[in-house]
Amino acid sequence: MPLAAMKDGPPEDERAGAEKSPGAFRTIKEVADDLDIPQHVLRFWETRFSQIRPVKRAGGRRYYRPEDVDLLRGVRRLLHGQGYTIKGAQRILKENGVRFVQAVGRGEADVAAPAAQELETGGMPGAEPGMPLSRADRDALEAALADLHACRDALAALRRPPED
């Protein structure tokens, strides 16, 4: 092989089959494929979790260290595996630290399923994010929905052409 061709590393077909060492940096595509999530989700998580800080090279290319991948794997497990909200996962990171969430990502630590407080409220006015709906709020929403269905049916009846 000519020296000029070797300058940029092995040919693409040789690189594709080579396994990276455990300590090697990973591209966003490699991490996204490994975690089975889209790349845009990784970029979104960077905006929500200040602890996720990949190395950025020229042109803004992201490279993830092994500890970054462990942290992402832990966040994924909290959000997708355990059912935590982003706010709940942020709280776990704050209370237990990055190393704990990395251990969760490696399967070395367990985290309990979220408490009822972690469940979504459904956007009920006056409800705090992360708090479950009360039975009274749920009943009020069901009654409002029934009223809306009745209004829809009444409007549909008004729109029908008169029968001869």
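Which residue with a positive phi follows α5? Gly-83 does, with phi near 85 degrees. Helices here are DSSP runs of H or I of at least four residues, strands are runs of E of at least two, and both are numbered from the N terminus.

The model is predicted: local features need pLDDT of at least 70, side-chain atom pairs count only at pLDDT 80 or more, and totals for chains, interfaces and linings use all residues. Residues are numbered from 1 along each chain as its sequence is written, and side-chain values use heavy atoms, with hydrogens and water left out.

Buried means under 20% relative accessible area, exposed over 50%, and partly exposed in between (1.4 Å probe, protein chains only).

| Helix | Residues | Buried residues |
|---|---|---|
| α5 | 66-81 | Asp-68, Val-69, Asp-70, Leu-71, Leu-72, Gly-74, Val-75, Leu-78, Leu-79 |
| α7 | 98-106 | Val-101, Gln-102, Ala-103, Val-104, Gly-105 |

The cover over the buried residues of α5 includes β1, α3 (28-35), α4 (39-48), β3, α6 (86-96) and α7. The buried residues of α7 pack against α5 and α6. Contact here means heavy atoms within 4.5 Å. Just after α7, Gly-107 has a positive phi of about 80 degrees.

Arg-106 belongs to α7. Its relative accessibility is 39%, so Arg-106 counts as partly exposed. The side chain of Arg-106 makes a polar contact of 3.1 Å with that of Asp-70. Such a contact is a pair of N or O atoms within 3.5 Å; within protein, one must be able to donate a hydrogen and the other to accept it, and residues adjacent in sequence count only if both atoms are side-chain atoms. The C-alpha atoms of Arg-106 and Leu-71 are 8.7 Å apart, across 35 residues of chain.

**The core**

A nonpolar core is a set of buried Ala, Val, Leu, Ile, Met, Phe, Trp, Tyr and Cys residues joined through side-chain atoms within 4.5 Å. The largest has 26 residues; Leu-42, Trp-45, Phe-49, Leu-72 and Val-75 touch the most other members. At least two residues of this core come from each of α3, α4, α5, α6 and α7. α5 gives the largest share, six residues. Leaving aside residues up to four places away in sequence, Phe-49 touches Val-75, Leu-79, Ile-86, Ala-89, Gln-90 and Leu-93.

**The sheet**

Three strands form an open antiparallel sheet, ordered β1-β3-β2. β1 (26-27) and β2 (55-56) each have a single partner strand, so one side of each lacks a neighbour in the sheet. Strands pair if DSSP finds at least two bridges between them. Two bridges join β1 to β3 (residues 62-64). Thr-27 stands opposite Tyr-63 in β3.
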